[in-house]
Amino acid sequence: MHLPWRRVSSFTCYQCGLCCYHFMVPLKPIEAKILASLGAPLKTIAGKVYIGKEPGTQCPFLFRAGGKELCSLDLMGIKPVACKLWPIYVYERPVHGHAEEAYINYRGSFYVYFDARCPGVKRGKANLRVEETVKEAIDIWLGVRREQRLTHGLLEPVEQKAKGGPRYPLDGPPPEVLKRYLSYRG
Ligand code: SF4
Ligand code: SF4
């Protein structure tokens, strides 16, 4: 299930939305504070704050547009770090084994794995793009970077450039999502 990054030949997020259904989303304290200030549903389990959903149910911030599952928090620039990182896991120790293949010396010593449950993760020999993706994930994990490029599923930079237009291929969340979002605010 946890593939050391050197055993991944490519990662492309297809915006299938599977991860937004299956998993609970842990929030950093600042993220929980921002979402709480917006009146978003939150849940506390063993002292840790999560987006208010159950495993196997849709995240309230997920919406469908253009045949893709998209995140309204992303559009608002407040996507949680846990969501930015998935399906990549960054550790300071080789917690899932395969230490040599998981190791990367970048901004320190880290061990990085991909979750093989994500349909966008392809097994094989890692290449430079995968390595750059891993570095971006480490930067996000360390908090020295917010913007997603290679870890993101929206338009590729080259496509963005060709279109010469907005970062997102959308005008914004569809009306029903905005309505749901605004209803959290009471
Ligand atoms: S990260 Fe993987 S599971 Fe999640 S939306 Fe992208 S392709 Fe689907
Ligand atoms: S916050 Fe966004 S990326 Fe995270 S689970 Fe919800 S819809 Fe998906």
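**A guided walk from the ligands outward**

Start at ligand 1, which has 13 residues around it; the ones that come nearest are C13, C16, C19, C118 and G120. Sorted by class, this shell holds nine nonpolar residues, four polar ones and no charged ones. As you look, please keep in mind that this is a predicted model.

Now turn to ligand 2. Its surroundings consist of C20, V25, I51, C59, F61, L62, C71, L73, K79, P80 and C83. By class, that makes ten nonpolar residues, one charged residue and no polar ones.

With the two ligands in view, step back to the protein chain. Its secondary structure comprises eight helices and ten strands. Of its 186 residues, 24% count as buried. If you take the contacts between residues at least 6 apart in sequence, 69% of them join residues at least 24 apart.

How confident is the predictor in all this? The pLDDT of the protein chain averages 83, and 82% of the residues score at least 70. Over residues 155-174, however, the pLDDT is below 50, and this stretch has 16 contacts in the model beyond near neighbours in sequence.

Next, look inside. The largest nonpolar core has 33 residues, and the members that touch the most others are W5, V8, V112, F114 and V134. Several elements each supply at least two residues of this core: β2 (8-11), α1 (18-22), β4 (48-51), β6 (68-71), β9 (109-115) and α6. Which of them gives the most? That is β9, with five residues.

Setting aside neighbours within four places in sequence, V134 is in contact with W5, I88, I104 and V112.

From V134 we can move on to helix α6 as a whole. The buried residues of α6 are V130, T133, V134, E136, A137 and I138. They pack against β2, α4 (81-85), β7 (88-91), β8 (103-105) and β9. Just after the helix, G143 takes a positive phi of about 85°.

W141 also belongs to this helix, which covers residues 128-142. The C-alpha atoms of W141 and Y89 are separated by 9.0 Å, although the two residues are 52 residues apart along the chain.

Now for some backbone details. In the loop between α4 and β7 you will find P87. A cis peptide bond joins W86 to P87, with omega at about 10°.

Q15 sits in the loop between β2 and α1, and its phi is near 55°, a positive value in a residue other than glycine. Why is Q15 classed as partly exposed? The reason is its count of 19 C-beta neighbours inside 10 Å, because a residue needs 20 or more to be buried and 12 or fewer to be exposed. H98 lies in the loop between β7 and α5 (99-102). Its phi is near 50°, again positive in a residue other than glycine. H98 has 16 other C-beta atoms within 10 Å, so it is partly exposed.

Let's finish at H22, which is found in helix α1. H22 has 12 other C-beta atoms within 10 Å and is therefore exposed. Apart from its neighbours within four places in sequence, H22 is in contact with P55 and G56. K53 is 31 residues from H22 in sequence, and the two are 9.9 Å apart in space, C-alpha to C-alpha.

Methods. Residues numbered from 1 in each chain as written. Chains lettered and ligands numbered in written order. Predicted model: local features only at pLDDT ≥ 70, side-chain atom pairs only at ≥ 80, totals over all residues. Near = placed C-beta within 6 Å. Nonpolar A, V, L, I, M, F, W, Y, C, P; charged D, E, K, R; others polar. Helix = DSSP H or I, 4+ residues; strand = E, 2+ residues; numbered from the N terminus. pLDDT = per-residue confidence, 0-100. Contact = placed C-beta atoms within 7 Å. Core = buried A, V, L, I, M, F, W, Y, C linked by C-beta atoms within 7 Å.
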